[in-house]
Amino acid sequence: MELFINNKSGAPIYDQIYNQIKQQIISGALQPDEAMPSIRGLARDLRISVITTKRAYDELEKEGFLYAVPAKGFFVAPKNTELLREENLKKIEEHLTEAVRLSASCGLSREELREMLELLWEG
């Protein structure tokens with residue numbers, strides 16, 4: 001598992017860890033039941049506080065992406081297809097909202113945008 005911390009991004013470090021691990025789980029780069037690095041080990045590797053790493057893992061557990069086994073650590077949770085679907089729907093909605101905003105800024109009509117989407121859908 002590779003994580004990159006960008007100190008200049010302005011995003012909290014725990015949020016960067018959370019988002020990168022979540023994306024790797026959604027993409028399949030991290031498999032269900034795969035052991036995660038220990039909280040201390042990850043903190044040491046990234047040269048950050050253990051508290052920061054724990055916060056990211058706790059958020060991922062709360063969202064259903066990880067599960068904890070006492071005295072064993074954290075593991076990737078089996079994929080919840082409904083949760084993944086919701087995540088993808090959220091991304092699609094964000095992209096479509098941006099497309100609508102851009103089309104309005106350049107005077108593209110709703111019908112022209114619909115035609116463009118249909119052409120893209122057909123491949």
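Guide: Buried means under 20% relative accessible area, exposed means over 50%, and partly exposed is in between (1.4 Å probe, protein chains only). This is a predicted model, in which local features need pLDDT of at least 70, side-chain atom pairs count only at pLDDT 80 or more, and totals for chains, interfaces and linings use all residues. Residues are numbered from 1 along each chain as its sequence is written, and side-chain values use heavy atoms, with hydrogens and water left out.

Visitor: Why is Gln24 called buried?

Guide: The relative accessibility of Gln24 is 16%. The cut-off is under 20%, so Gln24 counts as buried. Gln24 is placed in helix α1; helices (H or I, at least four residues) and strands (E, at least two) are DSSP runs, numbered from the N terminus.

Visitor: Which residues does Gln24 touch, leaving out those up to four places away in sequence?

Guide: They are Met1, Glu2, Leu3, Ala29 and Leu30. Contact means heavy atoms within 4.5 Å.

Visitor: Which residues of α2 are buried?

Guide: In α2 the buried residues are Ile39, Gly41, Leu42, Ala43 and Leu46. They pack against α1, α3 (50-62) and β2. After α2 comes Arg47, with a positive phi near 60 degrees.

Visitor: What makes the phi of Asp33 worth a remark?

Guide: Most residues other than glycine have a negative phi. Asp33 is not a glycine, yet its phi is positive, about 70 degrees. Asp33 sits in the loop between α1 (13-27) and α2 (39-46). Its relative accessible area is 45%, which lies between 20% and 50%, so Asp33 is partly exposed.

Visitor: How do you know whether Ala71 is buried or exposed?

Guide: Ala71 has 91% relative accessibility. That is over 50%, therefore Ala71 counts as exposed. Ala71 is found in the loop between β1 (66-69) and β2 (73-76), and it too is a non-glycine residue with a positive phi, of about 70 degrees.

Visitor: Why is the pair of Lys62 and Glu59 called a salt bridge?

Guide: A salt bridge is a side-chain nitrogen of Lys or Arg within 4 Å of a carboxyl oxygen of Asp or Glu. The closest N and O atoms of Lys62 and Glu59 are 3.7 Å apart, so the pair meets the rule. Both residues lie in helix α3, three residues apart, about one turn of the helix. Lys62 counts as exposed at 60% relative accessibility, whereas Glu59 counts as partly exposed at 26%.

Visitor: How many salt bridges does the whole structure hold?

Guide: The search finds four. Among them is Glu98 with Arg101, where the closest N and O atoms are 2.6 Å apart. Glu98 and Arg101 are three residues apart in helix α4 (residues 81-105), which means a separation of about one helical turn. Glu98 is partly exposed at 37%, and Arg101 is partly exposed at 48%.

Visitor: What makes Arg114 and Glu111 a salt bridge?

Guide: Their side chains meet at 2.9 Å, N to O, which is within 4 Å, so the pair qualifies. Arg114 and Glu111 are three residues apart in helix α5 (residues 110-122). Arg114 has 40% relative accessibility and is partly exposed; Glu111, at 40%, is partly exposed.

Visitor: How is the protein divided into domains?

Guide: There is domain 1 (11-74) and domain 2 (79-120), with bounds from an automatic or database domain assignment. Their C-alpha centres lie 30 Å apart. Nine residues of domain 1 contact six residues of domain 2.

Visitor: What area is buried between domain 1 and domain 2?

Guide: About 610 Å² is buried, with 58% of it from carbon and sulfur atoms. Buried area is the accessible area (1.4 Å probe) that two parts lose on being put together, summed over both. On the domain 1 side, Ile26, Pro32 and Phe65 supply 53% of the area buried against domain 2, more than any other three residues.

Visitor: How many salt bridges join domain 1 and domain 2?

Guide: The count is zero.
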